[in-house]
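Have a look at it, then read on.

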Number of protein chains: 2
Amino acid sequence: MTRGGTTGRRERLRAETTAEIKRVALELMASSGPDAITLRAIAREMGMTANAIYGYFATRDDLITTLIKDVYTALADAVDAAWEASSEEDPATRIRSWADAFRNWSLANPQGFRLVYGDPVPGYRAPEDGAAPDAARRVCIGLTALAACAWPQAEHLYADSAFDWPDFDPALLDKVRPAFPELPPAAVALALRIWGHLHGLVSLEVYGHMGAQTVSPDKLFHEELTQLVRALTLTPATGG
Amino acid sequence: MTRGGTTGRRERLRAETTAEIKRVALELMASSGPDAITLRAIAREMGMTANAIYGYFATRDDLITTLIKDVYTALADAVDAAWEASSEEDPATRIRSWADAFRNWSLANPQGFRLVYGDPVPGYRAPEDGAAPDAARRVCIGLTALAACAWPQAEHLYADSAFDWPDFDPALLDKVRPAFPELPPAAVALALRIWGHLHGLVSLEVYGHMGAQTVSPDKLFHEELTQLVRALTLTPATGG
DNA sequence: CACAGAAACTATACGGCGTGAAGTTTCTGC
DNA sequence: GCAGAAACTTCACGCCGTATAGTTTCTGTG
């Protein structure tokens, strides 16, 4: 008979080792950048041989994919939490919360941001459906929620929008439309544009293409959000 | 006596070899991605030994830096040309031209875009003052020119702007203020925000974080520009 | 012309990388 | 106690950047 306790021991050790590999990998990334994630370095840190890791991850890329999944999920948790915590009745503040959470997480985990959104590790190639489809979907839906909550007040700005459903990738719409059945194509376009703005500014900041340029990127991001809610004709949070 | 013709021969051969190294490197990048830029691969392609390249570039990173300089300069040429070719009297069209040139170049040279703005080659570390300070300066000034040409009409939108010169990196201001002495801090902030928008959207497109999401990124980018000139209260190009 | 010296290039080597194959130790369930 | 599985090590291969030393080829001068 296979007693649960006994079988569980191996499994527990295995889970612990798996967790340690990931932890050490993330530490290496945080301290020395994504380049430092090498099987040999991880093994060295753990007092093991590099090949031992193959018992836990089929290839190095599999390990990276798992890391991306973890990190991306943490990001999704952060923005989702900010969204949930904000008042449903104040779209402007809600958008600010989400965007601030996104930026704050990214600045707190710059290496994670690079891992998720950049070319992270030397020769890494993501799997066909993306490294972390679930987390990507969550962020995508969160983003659409921004557009959705602003839409009632902002719709009039896009009366002449020329977007139609065929303009978008069916895979994207499969994610978005079930969650927001009422939303028109123009709102999806708005969501993508907002995504471009936020990702763009944060990316410049994280990659230092701007960090070396602006002393107070905080102010700039805040200004961006102010202009965004103003452009969407939402009640500005500061205005009262 | 050192006759110019004879001395010139070696120099010419040297220049040709240098050019071939760069050409082969760019071909490798275009065909197999930035990862493929290795001294050994270049040498293989040229029927040489990898070490021979050290006669032309001190290190691999020096070669990469030179490539970035070349590619970045080509980008700067493209956007500058679009700017020069557009009418001085129509800010909206001018901004569109610049932005379109930026996007078109980036889509035509996605690997180049990654080389300039992403983590390009595995372990590459850019020199202290950036890989291509000259080209970066040109793009930066071109960008500020966008804000500058929109400023007369857009200034009223930023009357309550809280930006001041100390908010910006002195190095940035050294580039920008001599070229645009009249420009206030709020306009520089606007330029940086526009940069974030454009870079963000193009970056999402180039990296496929959106390529897999939008079937017609063209339309989306166009929409972005329309909203931008509208937000800046410039005469829309289509409106007449 | 010969010849010294510089320039261009090759050969060899080292350490690092991912990873495959084969061997060894340690644990587990009967 | 023992067969077998799981965990891990050893060795090997080919890739990488690059340092050192040696070899070839070109160049200007006598």
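In what order do the elements of chain A run from the N terminus on? The run is α-α-α-α-α-α-α-α-α. The C-alpha trace of chain A spans about 65 × 50 × 35 Å along its principal axes.

A word on ground rules: this is a predicted model, with local features needing pLDDT of at least 70 and side-chain atom pairs counting only at pLDDT 80 or more, while totals for chains, interfaces and linings use all residues. Residues are numbered from 1 along each chain as its sequence is written, chains are lettered from A in the order in which they are written, and side-chain values use heavy atoms, with hydrogens and water left out.

Now for where the two chains meet. Here are the residues each brings to the contact (heavy atoms within 4.5 Å):

| Chain | Residues in the contact |
|---|---|
| Chain A | 44 residues |
| Chain B | 44 residues |

Together the chains bury about 4100 Å², 52% of it on carbon and sulfur atoms; buried area is the accessible area (1.4 Å probe) that two parts lose on being put together, summed over both. Six salt bridges cross this interface, each a side-chain nitrogen of Lys or Arg within 4 Å of a carboxyl oxygen of Asp or Glu. One of them joins Arg193(B) and Glu224(A), at 2.7 Å from N to O. On the chain A side, H5, H8 and helix H9 (217-231) each give at least two residues, and H8(A) gives the largest share, 12 residues.

A cavity is a set of points on a 1 Å grid over the protein atoms alone where a 1.4 Å probe fits but cannot get out, and lining residues have an atom within 4 Å of a point. Volume is the space filled by probe spheres set on the points, which are joined across faces, edges and corners.

The largest cavity has a volume of about 80 Å³. Both chains line it, with residues including Phe113(A), His199(A), Tyr207(A), His199(B) and Tyr207(B). Helix H5 (110-117) and helix H8 (185-207) of chain A, plus helix H8 (185-207) of chain B, each supply at least two of the lining residues.

Technical notes. On a 1 Å grid over the protein atoms alone, a cavity is a set of points where a 1.4 Å probe fits but cannot get out, and a pocket is an open set with protein on both sides within 12 Å along at least five of seven lines; lining residues have an atom within 4 Å of a point. Helices (H or I, at least four residues) and strands (E, at least two) are DSSP runs, numbered from the N terminus.
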